[in-house]
Amino acid sequence: MLRTLGVLASQIVAPVAAAARSIAGLESGRRAWASEGRAHVEVRGVHQPGTEEAGERIVRRLEKVPGVAWVEINAAVGRVVIGHDPDLVGIAELVGAVEDAEAETGLDGEPFATVSADHPDNPVKVFAEVAMLGANLAGAAITMGAELLPLPALPPSVPALVSTGESASRVRGPLETRLGKTATDVLFGIGSAVANTLAQRRSSLLAESAYRFFLLRETQAAQRSWARWEAGVGRHPASHRSEPVAVRPRPVPLPDGPVERAANGSALAGPAAFAGMLGVTRSFQRAQAMLVAGAPRAALVGRGAFAAQLGYGLSERTTLVFEPRVLRRLDRVDTVVIDAGVVRTGARLVHDVIPAQSDHAVVELWERAHHLVGVTKADGTRREGWSLSSVAQSRLPSDVRGAAGPGIEVFALRHDSRRVAWVLAAEELDPLAEELVAAARGVGSVVVAGDGAGWRRRSVLIAWLRVGCGLLRLCGRCSGRAVSSLWCPRMRGRRWRLRMSVSV
């Protein structure tokens with residue numbers, strides 16, 4: 001038991017100590033992270049398109065600092081990555097050099113990249129989770145002592161109101177806009193711990209402590225995943241280089257999920273039920289029970305704990321989770337967009353063989369067609385006197401054109417330069433395609449983006465978009481309709497993985 005507690009304590013204390021060391025000596029509040037001779041420092045404005053020249057000037061300015069070996073701008077996350085000798089120049093000096101370079105290029109008045117706050121190397125998130133975990137554990141200890149003393153307790157409706165405010169987007173949304181996500185989390189987390197302590201609700205404090213431990217473990221796992229990536233791929237300077245990405249504003253507000261809808265309903269129905277019950281029964285205890293029963297804390301904690309465990313599992317399996325909040329939006333997904341390359345193998349299969357005027361047996365024609373479709377580029381190259389070449393639709397006989405539906409390619413099979421058959425071929429579906437789409441159907445609509453409209457005839461697909469409708473363009477189109485979120489999976493090797501998750 002003591003050994004288990006020691007392991008849990010080390011999992012909490014070690015990352016906190018590392019985070020404290022990473023920000024020691026930084027007075028500007030600028031986020032910075034350093035390890036193994038590489039420093040990642042926030043830079044103002046470089047994430048905005050049109051600042052490429054200023055970014056190059058910052059690079060040249062930093063390369064002149066003694067002890068700096070190389071500099072790369074990662075504009076996508078608003079960071080500059082500096083390879084340096086820690087014995088010659090420290091992280092505080094590098095941060096000062098970045099500030100001077102910003103002032104020289106006129107970027108000192110620009111904002112930091114918003115995505116930088118969600119970067120896995122941000123130490124503030126660790127401190128925030130530790131503070132909220134500690135507040136709940138301390139509150140649980142205080143309530144144990146309060147039972148021995150005749151101390152009055154707050155009504156349980158007070159922490160219920162705090163919980164409803166945290167879950168209601170109408171209350172939390174404006175606070176996040178003004179304070180930021182982390183500060184808002186701390187505000188409600190500490191407020192909930194204080195309210196439950198004053199209400200002497202020890203069971204709620206212990207449950208909240210377990211929840212906060214899950215969130216802390218998720219944050220630490222993301223940091224470990226980031227450290228593994230940085231220690232491996234990150235040692236190559238070119239791996240950090242990226243150009244600014246133009247981010248268009250959301251065309252419509254982010255729709256509420258089921259938890260938010262329940263919380264918004266509780267924010268209105270709870271006080272109304274309280275007033276109604278109080279007017280009917282004249283009992284404050286019964287009236288406040290309506291507020292407590294309507295608090296959506298269980299739904300919020302359940303979704304958060306699931307997402308935290310999912311994020312922990314992804315991070316421990318070498319996946320780098322940049323925005324954990326995306327995992328909290330999985331309950332809003334109602335459309336799945338699948339890249340066409342996911343559901344096909346890239347190989348062709350013979351769909352049909354239509355003999356032309358020849359004396360070759362049909363079986364032989366099928367054998368030759370299978371052999372050539374699988375191993376040649378259909379460019380007319382001969383093999384043992386046989387060749388396969390593509391044919392334009394306009395040059396096909398009417399009966400062949402009618403048999404070749406959408407998505408079917410037609411080739412001319414020749415023997416000794418004489419056409420002996422028409423070969424109809426289609427791209428092969430991946431063996432897991434049906435299982436993938438069947439699972440996606442459980443979410444809602446399924447759309448496949450890419451070439452291959454002929455697969456409409458196969459029961460696998462629900463909708464198909466032609467070439468030219470890329471995933472990002474598709475997401476933009478769907479955002480104008482009643483689509484809450486899009487998932488775009490992509491296959492690597494034989495393992496499915498999430499390529500992109502876009503909430504619109």
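Tutor: What follows starts at the core, moves to the charged pairs, and ends with loops and surface patches.

Keep in mind that this is a predicted model. The largest nonpolar core has 24 residues. Which of them have the most contacts inside it? They are Val 41, Ile 58, Leu 62, Val 71, Val 80, Ile 82 and Val 98. Now look at where the core residues come from. Which element gives the most? H3 does, with six residues.

Side chains of opposite charge can pair when their charged atoms come close. The structure holds 22 salt bridges. One of them joins Glu 102 to Arg 30, with the closest N and O atoms 2.7 Å apart. Glu 102 sits in H3, while Arg 30 sits in the loop between helix H1 (2-23) and strand E1. The pair links distant parts of the chain, 72 residues apart. Are these two residues buried or exposed? Both Glu 102 and Arg 30 are buried.

H3 carries another pair. Arg 61 and Glu 104 meet through their side chains in a salt bridge, at 3.1 Å from N to O. Arg 61 belongs to H2 and Glu 104 to H3, so this pair also links distant parts of the chain, 43 residues apart. Arg 61 has a relative accessible area of 24%, so it counts as partly exposed. Glu 104 is also partly exposed, at 47%.

Asp 121 lies in the loop between H3 and H4, so the pair ties together parts that are 42 residues apart in sequence. How buried is each partner? Arg 79 is buried, at 1% relative accessibility. Asp 121 is buried too, with a relative accessible area of 5%.

Some salt bridges share partners. Glu 129, Glu 166, Glu 208, Arg 212 and Arg 297 are joined in this way into one network. One member, Glu 166, is a buried residue of helix H5. Why call H5 largely enclosed by the rest of the structure? Because eight of its eleven residues are buried.

Now the loops. Between helix H4 (124-146) and H5 (157-167) runs a loop that holds Leu 149. Leu 148, Leu 149 and Leu 151 make a nonpolar surface patch of about 350 Å².

Glu 52, Glu 56, Glu 63 and Glu 243 gather on the surface as a patch of negative charge. Where is Glu 243? Its place is the loop between helix H8 (202-232) and helix H9 (258-281). Glu 243 is exposed, because its relative accessible area of 52% is over the 50% cut-off.

Glu 36 has phi near 50°, a positive value in a residue other than glycine. It is in the loop between E1 (32-35) and E2. Glu 36 is exposed, with a relative accessible area of 53%. Thr 318 is not a glycine either, yet its phi is positive, about 65°. Its loop runs between helix H11 (297-316) and strand E5 (335-339). Thr 318 is exposed, at 65% relative accessible area.

The loop between H11 and E5 also holds Arg 332. Is Arg 332 buried or exposed? Arg 332 counts as buried, at 13% relative accessibility. The C-alpha atoms of Arg 332 and Gly 257 are separated by 5.3 Å, although the two residues are 75 residues apart along the chain.

Methods: Residues numbered from 1 in each chain as written. Predicted model: local features only at pLDDT ≥ 70, side-chain atom pairs only at ≥ 80, totals over all residues. Heavy atoms only, no water. Patch = residues over 30% accessible without salt bridge, like charges linked within 9 Å, V, L, I, M, F, W, Y side chains within 5 Å. Areas by Shrake-Rupley, 256 points an atom, 1.4 Å probe, with all protein chains shown as cover. Salt bridge = Lys/Arg side-chain N within 4 Å of Asp/Glu carboxyl O. Lys, Arg positive; Asp, Glu negative; His and termini not counted. Charge placed at Lys NZ, Arg CZ, Asp CG, Glu CD. Helix = DSSP H or I, 4+ residues; strand = E, 2+ residues; numbered from the N terminus. Buried < 20%, exposed > 50% of the residue type's maximum accessible area, 1.4 Å probe, protein only. Core = buried A, V, L, I, M, F, W, Y, C linked by side-chain atoms within 4.5 Å.
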